[in-house]
Amino acid sequence: MVTSRDDFVIAIRSAFLKKGNKQRFSLIGLIFFSIGLLTLNKINLPITNYLKITLNEVVYRSSFIISVPEKKIQNFSNKIKDHYNLYNDYLIVKEKINLLQSEKYENEFLKEENKRLKKTIDEYIYNSKEMVAKVLIDNNSPFLKSIIVNKGSKDNVKLGMAVLDGSYLVGKIVEVNYSTARALLVSDLNSKIPVGIEPGNIQSILSGTGKQYGKIEYLESEIFIENESIVYTSGSGGLFKSGIPVGIYNKKNTEEQTVTFFSKLSQLTFIKLVSFEEDNN
Amino acid sequence: MSSKFKSIIRNSFLFYLPLILLFVSVFNEFDFNYLNYQYFSFNFPFILIFYWSLKRIETLGYGYIFVAGMFNDAVLGFPIGISSLTYLIICGFAAYLRNITLRPSLIKDWLYFLFTILVANSINYFLLILFFSIEINYYKIFGNIIFTFLLYYIFAYIFDIYRKIISRIKT
């Protein structure tokens with residue numbers, strides 16, 4: 001009994017304390033060093049932030065270069081799929097263009113009318129500053145949905161900026177480095193966005209699920225939402241302006257109320273970073 | 001002279017291949033997520049680290065594993081140090097198994113690997129959820145653990161062949 005306990009202790013000691021052949025560090029030393037780093041992270045000291053920003057700059061650029069072959073394979077498979085669906089897509093697009101053409105004129109009139117009415121009731125009109133950024137790393141990890149873009153604090157990127165794909169909301173900036181930034185996608189589990197559902201202007205919170213759709217939360221059970229309603233940002237909290245389209249509402253049953261995002265989040269290449277400011281004029 | 005130089009380059013590349021693979025996989029998140037199969041993903045660095053810590057730790061080295069963990073955290077946006085800690089825990093388990101094993105067997109290693117990744121993942125996600133308030137999809141973690149475990153057998157078999165090739169080159 002004593003011998004087997006001794007063997008266990010010797011094996012553990014040898015595994016964690018002994019430096020192996022050609023090894024510079026012992027395992028236990030590095031484990032303590034990692035715990036130290038984690039503690040510093042938790043305390044959020046300025047020095048750890050500088051370390052993190054430097055590390056991120058190096059890693060994001062390297063990761064972009066190393067991901068090139070995988071991206072090529074991915075693009076090739078997407079191209080094949082696109083070619084295969086070309087004719088069907090053409091018919092759908094043709095139909096949509098006709099519909100959009102008629103809606104465009106109507107929208108322009110409504111936009112102007114809306115501006116006029118907002119001025120009458122003294123509501124803020126937002127001015128948006130936008131810049132186009134390239135997606136360096138499309139981090140499709142099973143646990144975290146985020147992208148790294150090639151614009152950072154040197155380009156005036158700020159925390160909380162909206163990330164748009166065309167005119168659709170796809171995420172917000174959560175980390176800013178000198179020449180890169182990380183955007184948390186709307187599909188991430190940690191993403192919570194105040195939304196309004198139209199028609200009806202129903203206010204709710206849209207949470208990510210880690211998939212191509214989100215989940216409507218904090219909604220009273222007696223509220224009825226029409227299937228295929230459009231989900232926009234509500235502007236609550238003041239982070240985003242109201243009315244940015246996010247997705248389309250699908251109700252499968254009473255428990256499952258999902259929102260399919262307009263934008264294909266796994267295929268982002270260029271995005272717009274937008275900040276909204278009050279227009280004083 | 002030139003052929004000798006070429007063979008040195010080739011041999012060094014072959015010798016450091018696991019280390020190169022480790023860094024490529026942490027930079028690239030090499031797990032075939034883009035195939036978009038629901039719940040299919042696996043943690044290639046776990047397989048690589050466990051196997052080489054068990055069979056030949058000089059190939060990877062604890063210092064490089066620690067750095068790879070830091071890079072993985074930066075890529076994934078996790079707090080710096082969490083992956084390093086997880087990777088080093090795997091190294092610790094593998095080193096313990098190496099010390100107590102007299103007759104190595106792939107099946108025993110395989111089952112022990114399951115126990116190791118369960119403990120390592122538990123510590124990893126416990127820290128992430130409790131101290132850093134990051135939400136995580138448990139089904140996906142479960143899928144990831146299962147596929148990592150299942151694929152270990154295949155990768156271990158491939159790595160065994162690779163080790164034989166390396167030892168033949170050395171002799």
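Modeller: Happy to! One term before we start: helices, of at least four residues, and strands, of at least two, are DSSP runs, numbered from the N terminus. Also, keep in mind that this is a predicted model.

Colleague: Good to know. How many helices and strands does chain A have?

Modeller: Chain A has 5 helices and 12 strands.

Colleague: And which domains does the assignment give for chain A?

Modeller: Domain 1 covers 25-66, domain 2 takes in 86-186 + 269-278, and domain 3 covers 192-265. Between the centres of domain 1 and domain 3 of chain A there are 37 Å, taken over C-alpha atoms.

Colleague: Which strands of chain A close into a barrel?

Modeller: There are 6 of them, in the order β6-β7-β8-β11-β10-β9, with antiparallel pairing. From one strand to the next, the twist averages 40°.

Colleague: Can we zoom in on one pair? How many bridges join β9 to β10 in chain A?

Modeller: 3 bridges join β9 (residues 230-233) and β10 (residues 245-251) of chain A, and the two run antiparallel. Val231(A) faces Gly247(A) of β10(A) across that pair.

Colleague: What share of chain A is buried?

Modeller: Of its 281 residues, 29% are buried. As for contacts in chain A with a separation of 6 or more, 54% are between residues 24 or more positions apart.

Colleague: Changing topic to the partner. How many residues of chain B are in contact with chain A?

Modeller: 40 residues of chain B are in contact with 43 residues of chain A. On the chain B side, α1 (2-28), α3 (62-76), α4 (82-100), α5 (106-132) and α6 (138-170) each supply at least two residues.

Colleague: Which of those gives the most?

Modeller: That would be α4(B), with 10 residues. By class, the side of chain B that touches chain A has 24 nonpolar, 12 polar and 4 charged residues.

Colleague: And at what angle do α3(B) and α4(B) pack?

Modeller: At about 145°, with their axes 7 Å apart. The crossing of α3(B) past α4(B) is right-handed.

Colleague: Which residues make that contact?

Modeller: From α3(B), the contributors include Tyr62(B), Ile65(B), Phe66(B) and Met70(B). From α4(B), they include Ile82(B), Tyr87(B), Leu88(B) and Cys91(B). The residues of this contact between α3(B) and α4(B) divide into 9 nonpolar, 5 polar and 1 charged.

Notes
Residues are numbered from 1 along each chain as its sequence is written. Chains are lettered from A and ligands numbered from 1 in the order in which they are written. This is a predicted model: local features need pLDDT of at least 70, side-chain atom pairs count only at pLDDT 80 or more; totals for chains, interfaces and linings use all residues. Domain bounds come from an automatic or database domain assignment. Two residues are in contact if their C-beta atoms, placed from the backbone, lie within 7 Å. Ala, Val, Leu, Ile, Met, Phe, Trp, Tyr, Cys and Pro count as nonpolar, Asp, Glu, Lys and Arg as charged, and the others, Gly among them, as polar. Axes are lines fitted to C-alpha atoms, for helices over the stretch in contact, and angles run from 0 to 180 degrees between N-to-C directions. A crossing is left-handed if the near helix is turned anticlockwise from the far one by less than a right angle, and right-handed if clockwise. Two strands pair if DSSP finds at least two bridges between them. A residue is buried if 20 or more other C-beta atoms lie within 10 Å of its own, exposed if 12 or fewer, and partly exposed in between; C-beta atoms are placed from the backbone.
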